[in-house]
Amino acid sequence: MSEIHPFYEAHRGAMEAAMRQRLDLAEGMLRERTQLLDFDRTRQEVMDEFEIVLTQMPYVGGAASRMTDFFMRLIGFMAIGRVLLRHGVALPVIGEIERETYKAQLLTVPEAERLALGGEFMSAENQALLREQATKSRAEEYPEDFVYEFVEPGPSDSFDFGINYKACGFCKFAARHGDQEILPHICGLDFEAYATRGIRLERTQTLAGGASHCNFRFSRLKPE
């Protein structure tokens, strides 16, 4: 088996802990919505598959790249999707389980902390960083990385800022490892990730869906 990149090896414990928490949260849904009766066996299959996924994770710059965090947080859902697909679980059910599990996991973080992270993401300082990293991404230093551009709102736009992803690291990963069927479920996790931090994400197209780019548009959610 291939080795895990040293950067990910250093964070392996935290990623495995996040996967175990995810599976704890998914247990009820898996028992209710699938025919998988032996949850302990399913859990072990997912963790075994996750070990494989860790060896497949592309290095895209480590701590110097904001996209590294996306891979580290979301790539485990590829392992869950692979195992459930092998067991004949329908794709829509896989998508529902993964989305609801991720939301439940995000909500284990205190609301004040989540909203603070959202405010940081929407800040002028972070927007400046996004502009800088978007420019760097177009150099394509790491072939398996994302390539994107920062989008300024026009006079008639209602969003605060946007990002157009011209190349997606998850799409490249899926194409390389045969995960195209479960790829859209990774895309679906974005809405939960931002909403739980008080951010509204609008997106009408994705690379995974055959579009020329993913059009992310961000604005602050109004308090209820």
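Let me start with a definition: buried means under 20% relative accessible area, exposed means over 50%, and partly exposed lies in between, using a 1.4 Å probe and protein chains only. By that rule arginine 12, at 23% relative accessibility, counts as partly exposed.

Now the ground rules. This is a predicted model, where local features need pLDDT of at least 70, side-chain atom pairs count only at pLDDT 80 or more, and totals for chains, interfaces and linings use all residues. Residues are numbered from 1 along each chain as its sequence is written, and side-chain values use heavy atoms, with hydrogens and water left out.

On to salt bridges. The term means a side-chain nitrogen of Lys or Arg within 4 Å of a carboxyl oxygen of Asp or Glu. The count comes to 18 salt bridges.

Back to arginine 12. Its side chain meets that of glutamate 9 in a salt bridge, 3.2 Å from N to O. Glutamate 9 is partly exposed, at 38% relative accessible area.

Next pair. Aspartate 24 and arginine 43 form a salt bridge, with the closest N and O atoms 2.4 Å apart. This one links distant parts of the chain: aspartate 24 sits in helix H2 (residues 12-33), arginine 43 in helix H3 (residues 39-56), and they are 19 residues apart. Helices here are DSSP runs of H or I, at least four residues; strands are runs of E, at least two; both are numbered from the N terminus. Aspartate 24 is partly exposed, at 44% relative accessibility.

Third pair. Arginine 203 bridges to aspartate 190, the closest N and O atoms being 2.8 Å apart. Arginine 203 is in the loop between S3 and strand S4 (214-220), aspartate 190 is in helix H10, and the two are 13 residues apart. Is this pair buried or exposed? Arginine 203 is buried, at 14% relative accessible area. Aspartate 190 is buried too, at 10%.

There is also a network. Salt bridges that share partners join Glu9, Arg12, Glu16 and Glu51.

Last stop: threonine 196. Where is it? Threonine 196 lies in the loop between helix H10 (183-195) and strand S3 (199-202). Threonine 196 counts as buried because its relative accessibility is 7%.

What does threonine 196 touch, leaving out residues up to four places away in sequence? Lys103, Leu106, Leu107 and Arg114. Contact here means heavy atoms within 4.5 Å.
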